[in-house]
Amino acid sequence: MNSKNRTFLYVAAGLVVLLIVAAIGVNVYVHGLGPKARQRVIRALQDRFDANVQLKSLDLEIFPHPSITGEGLTIAYRNWPADHPLIAIRRFSADASISDLFWQRDKVSEVNLEGLQIHIPPHGAAKEVMGTGTEQPGADNTTLRIEIEKIVADGTLLEIEPKKAGKDPLQYEIQRLTLYSASADTRMTFRAQLVNAKPPGLINSNGTFGPWQKDEPRTTPVGGKYTFTDADLSVFKGISGMLSSTGSYNGVLEHIEVDGTTDTPNFALKRGGAPVHLKTKFHSTVNGTDGETVLEPVDASFLSSEFICRGGIVKLNGQKAKTVDLDATTRNARMEDILTLVMGDKQPILTGAVDFRSKIVIPPGQEDVLDKLELDGKFKILSAHFTSPKVAQNLDTLSDRARGISKDEQAELPRQEVASNLLGTFRLDRGVASFSHLSFEVPGATIRLAGDYNLRTQSIDMAGVFRMQATLSDTQSGWKALLLKPLDPLFKKNGAGFEVPLKLGGDRHHPEVSVDVFHHTFTLK
């Protein structure tokens, strides 16, 4: 080996030794920064949240790339007695550039959080344990600020204590969560994905969150857009269908304004109803801290009918689960559409425009929706027509007789289908519709009834009166009219030419009509 080669080897060996010494020195230096970095992180979080901070461990690495890992981070309000801290993180890791690391700049390119839990205390609790707070909620006086370009926090649990003691906290399990441009005093952008508990379905959302309001976390701003897909309504007993929804929201955690639409192509009532394509458009106010929702309004439509609902989804009388409490009215509703949804008839027996106003209450519980549905309202069907030719002909005959047109006179008149009017005041409770007033009218005749209709058994139990304009003798001609003439005064009552007590029994498919004459009941076939 000549002298040049030996010199090259000595130089190369020296460089290797220097690199090894430098690497060891860098590694020692970086590990030496660990305790300092841990204290810097703790101090920054204490300043930001004005809270007690615990950090079990924090390690720095330079090879193969600069990184930070930590475990057991908790942030808890001072003197706060709750079992859960404000923020708890089981493990976290972060990547930073070499220049940021050595120059100790408070900037991190990416942070990954495992086991993140956020616990929002009751309203006013933050100020109560911290003192009077700042003049503007969330004002940030942090002297040491850390800017994070990206935070990945999959599997996050957000838990919010209710306003009133004794209620269960509201929980959001977020499967995927990514935050961008996170710092103390800025609004972060985010992408999130979570599974809705009931009805089960996937929610995807993107928007903005923050800045964090440390004096009152419930007033932290939030806004964005969402999609809700594959929500299976069959978890609610009595209905079925796959719902999807899109919309936007804006506000603060305790008061969020939401505008959106829903689409359920196969919505159905399981007890006999036929599927219909149900669509809604809504504006609502959601309290993100307890889940209570005010609907103002919901515009629902199916087939050719439209309903307007206003009200809320709230907890009543100390109940843990929520109650649907709405006021509903109709807009361009059709009776044939309602019968299709409720009865499932391919050819509904009755058609006509519907005017419907009712209180709608659906209390919590595991019962079938139709069994626990409560209604209290009025309805009106004007110019209704029966689709059955036999029923329509019978009504024509009834109207003619009630107006004093005899059978012989009817044969000489042109065929003309009469329209019917149906009006009612009702209450539905535990599957039984109770009518305090039910009126059925055709030209010349009126039937007034009160009683019950059982939705489970479809049985009918009603009683009332049948009134018509003509007298009993006016309904006949010739010798029959003369024979009935003496009886007319017996049936004239309250301004009607003929009035007789009426009972309606049987069921929807086999109704039984009977009249009471001189204390004897006659069943009409």
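Let's start with Asp230. At 57% relative accessibility, Asp230 counts as exposed; the cut-offs are over 50% for exposed, under 20% for buried and partly exposed in between, with a 1.4 Å probe and protein chains only. Asp230 lies in strand 12. Strands here are DSSP runs of E, at least two residues, numbered from the N terminus. The phi of Asp230 is positive, near 55°. Why mention that? Most residues other than glycine have a negative phi, and most peptide bonds are trans.

A word on the source. This is a predicted model, where local features need pLDDT of at least 70, side-chain atom pairs count only at pLDDT 80 or more, and totals for chains, interfaces and linings use all residues. Residues are numbered from 1 along each chain as its sequence is written, and side-chain values use heavy atoms, with hydrogens and water left out.

Back to phi. Leu303 also has a positive value, about 50°. Leu303 sits in the loop between strand 17 and strand 18.

Now the peptide bonds. Gly210 and Pro211 are joined by a cis bond, omega about 5°. Pro211 is in the loop between strand 11 and strand 12. Pro297 belongs to strand 17.

Last stop, Thr330. Thr330 is in strand 19, residues 323-331. Is Thr330 buried or exposed? Thr330 counts as buried because its relative accessibility is 17%. Leaving out residues up to four places away in sequence, Thr330 is in contact (heavy atoms within 4.5 Å) with Glu306, Phe307, Val354, Asp355 and Phe356. The Thr330 side chain reaches the backbone oxygen of Val354 at 3.2 Å. A polar atom of that side chain also lies 3.0 Å from the backbone nitrogen of Phe356.

Notes:
Helix = DSSP H or I, 4+ residues; strand = E, 2+ residues; numbered from the N terminus. Polar contact = N/O pair within 3.5 Å; in protein donor to acceptor, adjacent residues only side chain to side chain.
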